Amino acid sequence: MSKFEAGMEGMVDTYIFETSSLLEQLDDILIRTEKDDLTPDDIAEIFRIMHTIKGSSAMMGLQNMSTLAHAVEDLFFIIREDPSVSYEKEPLYELLFAGSDNLKNEIDVIQDDSADLTDFSELMGKIRAFAAVMKGETVKEDDNGESVEIQIYEEGDPESIKAIKVTYEESCLMPAIRAMLLLRTLGNVCQVVGTIPEDVDDDSAGDFITKNGLYIRVVAEGNEADIEGVIGNALNIEKFEWVERKKPEEKKPEPKKEEAKPAVEAKTDNPPKAEEKKAEKPKGDGKKAASDSIISVKLSKLDALLDLVSEIVITESMVSSSPDLKLVETSLEQFSKSSRQLKKLTDELQDIVMSIRMVPVAAAFTKMSRVVRDMNSKLKKNVELVFEGEDTEADKSVVDILNDPLMHLVRNAVDHGIEEPSVRAERGKTEPARVTLSAYEESGEVVIKVTDNGAGMDPDKLLQKAERNGILTKPKSEYTEAEALNLIMAAGFSTNEKVTEYSGRGVGMDVVRSNIEKVGGKITVESKLGKGSSFVIKIPLSLSIIDVLGVMVGKTYFSIPIMSIRESFSVNSENIVTDNEGGVMIKLRGRYFPVIKLSEIYGIENATDDYEKGIMIMCEADRKRFCLFADEIVSDMSVVVKPFSPLLNRQGVKENGMSGCSILGDGSITIILDIKTILEKFL
């Protein structure tokens, strides 16, 4: 059953997108300002965000979200109108993060027709209670459990009347009786003029006192020490504190008058600028056109467009390389001309579609700030999260895929990659505990690194635990250090000795590997004991179309990504040099380059062995150049990348330099080579 009124269905996607974006902005502000002071700009921006969510949620008929946003908005109305108001920052931010989390979770709920809307009354009660304390008030629950505000200080109270809050221990079995005894004793040193709850003899008074404490209004004229002495000596009291109230000179009507009179001046820092700009836009067509130059499009539509372009690329290849053309004896000059034009237009269409889908990886990185913040709060590790290369762009689908793996990797790094502060101090580590997320583009792939400066991993201990768990697939002595480190991603394996809220169940890293492999990517582990660990993810920049050079080796068709190729050339015997170990090198323009024969590394028969009859493809990776030797160049074209299945990935195809495959125009299969892996594996 739909949660929206009739006629609202078409607005749901827009509402979800805009609300999600606003909540991400809210988290960014909260994380940035949690350790610093809130500026007037920050306060105005948070107020604007919650005001917008409140209004749009009410329009969509989502009263629970609207009411929660309104409660948070009220908090910042108090702060905005009275900058001198005092409040505890830590509980304020806990409430704000809780509000943000609940609103984000509700975004998922409203998309599920079978799920009921969430009741936020408990959280709203806490927010209202915090707001009441900021205003010198407290909160009392009525019989229905709903929160209503009640004044601690009454209008006209003289300065001699003060309020004190008494909190009883949780183990106190009779708080109401203890409160009555305390009030009798207090009567000996001061005048008690009122309490909250008003009647401590009431049956519900005990529950209220246990949950909210006892508020006592007394006449204090220099006898505060006597009052504190009586309360401090009473039984079962955990703590007590004086409740401050607004100073007489703080007049509430004045801010309202200022806001009503010079509205622009009262909000000069943020909202008014937006209002002024809005007012100016209609004056010029150019400004209006600029505001209309960006539109939001559903990702499913872009996915459909990309699929269509992929099919066009395959069809164009099928037409231009059709076997039937070889049977035509007449000149195909006009066909060739049209075919080249079609390819040009197809390439342009492909580039435009791909550029539309490219987004910075920062979209995935910034979400990790909240993960680290929450873990710091619970684990008390004070870990810094550092971003590098967050402007690196990748396909939207690639960035979306990164969210879950990054969350597992960051949690893993903070939870048991980074040592406890006391342990770091014992080991002489003076630098801050840090997790670094970095990104860069290399050979048609986006490379993501999650690095920590923690304890690192011991390959021997990993092998021992894997042996105990029955995970090893060969004798322990045959494992290399890299293979031992990669055991961390085996199903059911964990370095944690006990299960925690964040790790220890042995499923997180296996999930990371599976998700990365599903999209044709790979993940490797690097670690130095005592120095830290680094998890390296490599995923194609785009999961769809790339330009390649097609080469034949025997009867096998390989595709080499154009971006990895520097040149191709033929050689003669004078340019061929053999080193002492039997390796072959090519001399070109006074420099020597090693040669890798594709037929040898992949065991292909019937391939050309004569270097003078074949073709050399100069490739580059990691700023190193080498030559691939093939029989001949067949064509240059665009291919639609199809990742290998996880089953083939686990057979080592990626480790041997094959990144994916594609379907050619005649229906045959071509293997797409990973130049960087070939360099690392075979040189």
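**View 1. Helix 1 passes helix 4 in a left-handed crossing.** In this predicted model, helix 1 (residues 12-33) packs against helix 4 (residues 89-110) at an angle of about 160°, and their axes lie 10 Å apart. Because angles over 145 degrees count as roughly antiparallel, helix 1 is roughly antiparallel to helix 4. On the helix 1 side, look for Y15, I16, T19, S20, L23, L26, D27, L30, I31 and T33. Their partners in helix 4 are K89, Y93, L96, F97, S100, L103, K104, I107 and I110. By type, the residues of this contact comprise 12 nonpolar, 4 polar and 3 charged.

View 2. Leaving out residues up to four places away in sequence, E73 touches F47, M50, H51 and K54.

**View 3. A cis peptide bond leads from I196 to P197.** Omega for this bond is near 5°. You will find P197 in the loop between strand 4 (191-196) and helix 7 (205-212).

**View 4. N236 has a positive phi although it is not a glycine.** The value is about 65°. N236 sits in the loop between helix 8 (224-232) and strand 6 (237-243), and counts as partly exposed at 24% relative accessibility.

**View 5. N382, a residue other than glycine, also has a positive phi.** Here phi is near 55°. The loop that holds N382 runs between helix 16 (367-379) and strand 8 (384-388). N382 is exposed, with a relative accessible area of 52%.

Definitions and conventions
Residues numbered from 1 in each chain as written. Predicted model: local features only at pLDDT ≥ 70, side-chain atom pairs only at ≥ 80, totals over all residues. Heavy atoms only, no water. Axes fitted to C-alpha atoms, helices over the stretch in contact; angles between N-to-C directions. Helix = DSSP H or I, 4+ residues; strand = E, 2+ residues; numbered from the N terminus. Parallel < 35°, antiparallel > 145°, perpendicular 65-115°, else oblique. Left-handed = near helix turned anticlockwise from the far one by under 90°. Contact = heavy atoms within 4.5 Å. Nonpolar A, V, L, I, M, F, W, Y, C, P; charged D, E, K, R; others polar. Buried < 20%, exposed > 50% of the residue type's maximum accessible area, 1.4 Å probe, protein only.
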